[in-house]
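Dear colleague,

Please find below the structure that I am handing over to you. The findings follow directly after it, arranged by region.

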Amino acid sequence: QLGWRLKKPVVMVGMMGAGKSAVGAALARRLGVPFLDSDAAIVEAANMSIPEIFARDGEPFFRLKERQVLARLLSEARGVLSTGGGAYLSAENRRMITEKGVAVWLDADLDLLWARVRHKDTRPLLRTADPYATLKALYEARVPLYARADLSVKADAGYSVDDMTDRVIAAL
Ligand code: S3P
């Protein structure tokens, strides 16, 4: 079967629009293991959407909830856990993820990310006067941190969710 790495939860990390939720869900299905999503768990616990949490309580509160949810899901998780784009950035979250799981970075370039997020209104961080510039700045600041993941898998506009899932499985 697959290598030692699957004894630990597989944690999908990377920018918004990289495909963490879609590929994570497909990967879990393919491996026959549970799928968990940290953003979905935050929304469920708060009974509010992510834009509502940011608007009402602010980003620091969201990050606190994100850390708590990650700690809980990592201690329960058997399977695949998708995270929000900011979840792998704090040293504490990276330490938890590294200790308990295998981090897989879905490495999509800026043009692909922009093509995927530009028409959506679900990302409060991109509600700025110049969302492309904001995305670019986040991308540039975050890539060196995502690059610390255990594995990275390159995304490409030509790859389907199934193609990406194959590539993750090949890397595991
Ligand atoms: C965020 C990404 C979002 C969500 C929140 C913050 C980020 O998740 O957690 O809006 O900091 O990049 P996705 O990566 O699933 O869009």
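Two residues are taken to be in contact if their C-beta atoms, placed from the backbone, lie within 7 Å. On that basis, and leaving aside its neighbours within four places in sequence, M96 is in contact with L70, A71 and L74. Please bear in mind throughout that this is a predicted model.

M96 itself belongs to helix 5, which covers residues 91-100. The residue is partly exposed, because 18 other C-beta atoms lie within 10 Å and a buried residue needs 20 or more. From M96 to G32, 64 residues apart along the chain, the separation between C-alpha atoms is 24 Å.

In soluble globular proteins, nonpolar side chains tend to be buried together. Here the largest nonpolar core has 39 residues, and V11, V13, A103, V104 and L106 are those with the most contacts inside it. Two or more residues are given to this core by each of strand 1 (10-13), helix 1 (20-31), helix 4, strand 3 (80-82), strand 4 (102-107), helix 6 (110-117), helix 7 (131-146) and helix 8 (161-171). Strand 4 supplies the largest share of the core, five residues. As for V104, its contacts, apart from neighbours within four places in sequence, are V10, V11, M12, V13, A149, L151, V153 and V168.

L36 is found in strand 2, residues 35-37. With 24 other C-beta atoms within 10 Å, L36 is buried. Beyond its neighbours within four places in sequence, L36 is in contact with A41, L73, A77, G79 and L81. The C-alpha atoms of L36 and A25 are 8.1 Å apart, the two residues being eleven residues apart along the chain.

A26 lies in helix 1 and has 20 C-beta neighbours inside 10 Å, so A26 counts as buried. Not counting residues up to four places away in sequence, A26 touches V161, D162 and T165. For the pair A26 and D162, a gap of 136 residues in sequence goes with a C-alpha to C-alpha distance of 7.2 Å in space.

L138 is part of helix 7. L138 also counts as buried, with 20 C-beta neighbours inside 10 Å. Between the C-alpha atoms of L138 and E66, which are 72 residues apart along the chain, the distance is 18 Å.

Helix 3 and helix 4

The axes of helix 3 (residues 50-57) and helix 4 (residues 59-76) come within 7 Å of each other and cross at roughly 125°. Helix 3 and helix 4 are therefore oblique to each other. Their contact brings I53, F54 and D57 of helix 3 together with E59, F61 and F62 of helix 4. By class, the residues of this contact are four nonpolar, no polar and two charged.

N47 sits in the loop between helix 2 (38-46) and helix 3. Most residues other than glycine have a negative phi. N47, although it is not a glycine, has a positive phi of about 55°. Is N47 buried or exposed? N47 is exposed, because 8 other C-beta atoms lie within 10 Å and the limit for an exposed residue is 12 or fewer.

The ligand surroundings

Finally, which residues are around the ligand? They are M16, K20, S21, D39, I50, G84, G85, G86, R123, P124 and L125. This shell divides by class into four nonpolar, four polar and three charged residues.

With kind regards

Conventions:
Residues are numbered from 1 along each chain as its sequence is written. This is a predicted model: local features need pLDDT of at least 70, side-chain atom pairs count only at pLDDT 80 or more; totals for chains, interfaces and linings use all residues. A residue is near a molecule or strand if its C-beta atom, placed from the backbone, lies within 6 Å of it. Ala, Val, Leu, Ile, Met, Phe, Trp, Tyr, Cys and Pro count as nonpolar, Asp, Glu, Lys and Arg as charged, and the others, Gly among them, as polar. Axes are lines fitted to C-alpha atoms, for helices over the stretch in contact, and angles run from 0 to 180 degrees between N-to-C directions. Helices (H or I, at least four residues) and strands (E, at least two) are DSSP runs, numbered from the N terminus. Angles under 35 degrees count as roughly parallel, over 145 as roughly antiparallel, 65 to 115 as roughly perpendicular and the rest as oblique. A nonpolar core is a set of buried Ala, Val, Leu, Ile, Met, Phe, Trp, Tyr and Cys residues joined through C-beta atoms within 7 Å.
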